[in-house]
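Please have the structure open as you read.

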Amino acid sequence: MFSSTWNFLKRHKRKFIFAGAFVGGVYFLGKYAQKKIREMQEREASEYIAQARRQFHFESNQRTCNMTVLSMLPTLREAILHHLNSESLTTLLKSKPANKLDIWEDLKIISFTRSVVAVYSTCMLVVLLRVQLNIIGGYLYLDNSVSKSGMMPLAPPDVQQQYLSSIQHLLGDGLSEMITAVKKAVQNTLGGVSLKQSLSLQELEQHLNQIRAQVEEGDGGSTHRPLSWYMMPDEENTLAAQACGLTENDVTTIKLLNETRDMLESPDFGTVLNTCLNRGFNRFLDNMAEFFRPPPGAQGDSTPITTPDSLSHVSLPVAKIIPIVNGQIHSICSEIPSHFVQDLLMIDQVKEFAANVYETFSTSHELQK
């Protein structure tokens, strides 16, 4: 019995060896496959959790952006009112001065200038803060991700404060330069328009488009500046101008400013800003349209005129348009979420651009980590 079994094994030795190797190979291959599947599942779970954390952090950052915009609008409004003080002119007019016509002309230029500047600067504030807070938000996400590793943070508090303080350029020198440019364009466009002349809403829109063209495209002069300059100073005016004594935080801040400047000069940013400006000026005209509607029954019908075509036949004297335009800044630069600001904050292109900025800066330095 034993002999026959041994002979059987000897005759089929190769088959048993092959079968054993095959079974063993299948076993180890199965174990290897299970290990790889487990690693892949763990990696996918880790990536999903990381993506969820990044998305939660991003959404929280956007809420911070919105609140920051609203909190800064009163400061922006006061800065514009300080530079373009029409209230002193209206007070003078009440005293019936001899140069009443000249004061009205000045009031016309200042009123249109400050409303146009309010639209520009509010749109710029919205998109600039979106860029800045999403850049710094991306850095903070990475810092929080490796906070337990003992590595130096990419954006320590001092750097954050120094970097975000650059918004003061838009509220200071940038705003002053913008006012100069807009005031020149308003003077060129409306300087010759008589106070007695009547304008329809369409004609008012045409004048605004002419003003925008001069501000954004220039009039052929050598002093024309791109819109990005009003948001950030030239490189030679930053900390980099210091010959020596730069700290490590200063160097990091300069890096952040340069990255921001690159974003502001990109075609995508130009498209987003232009979309905001179009929406902003459309909302401004919508606000103005309310004053071009005749009261119900004025045309022999109890239904108000609301269509753009019908409004094109309604005209108002420039002297009546001036105080309406003059008061628009309080609607445009309102810290109470108005239709104007809400429109800007809800633009899809702005949200998409903000998401791209955040994604770029919350992942681009991971190799360094």
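1. Of the 369 residues in the chain, 41% are buried (under 20% relative accessible area with a 1.4 Å probe, protein chains only; over 50% is exposed, and in between is partly exposed). This is a predicted model, where local features need pLDDT of at least 70, side-chain atom pairs count only at pLDDT 80 or more, and totals for chains, interfaces and linings use all residues. Residues are numbered from 1 along each chain as its sequence is written, and side-chain values use heavy atoms, with hydrogens and water left out.

2. You will find 16 helices and two strands in the chain (DSSP runs numbered from the N terminus: H or I of at least four residues for helices, E of at least two for strands).

3. Take contacts (heavy atoms within 4.5 Å) between residues at least 6 apart in sequence: 84% of them join residues at least 24 apart.

4. Now look at helix 11 (residues 267–289) and helix 16 (residues 348–363), whose axes come within 9 Å and cross at roughly 150° (axes are lines fitted to C-alpha atoms over the stretch in contact, with angles from 0 to 180 degrees between N-to-C directions). Helix 11 is therefore roughly antiparallel to helix 16 (an angle over 145 degrees). Helix 11 contributes Asp-268, Phe-269, Val-272, Thr-275 and Cys-276 to the contact, while helix 16 brings Gln-349, Val-350 and Phe-353.

5. Is Thr-260 buried or exposed? Thr-260 counts as buried because its relative accessibility is 0%. This residue sits in helix 10 (residues 248–264). Beyond neighbours within four places in sequence, Thr-260 touches Val-131, Gln-132, Ile-135, Tyr-163 and Met-232.

How values were computed:
Parallel < 35°, antiparallel > 145°, perpendicular 65-115°, else oblique.
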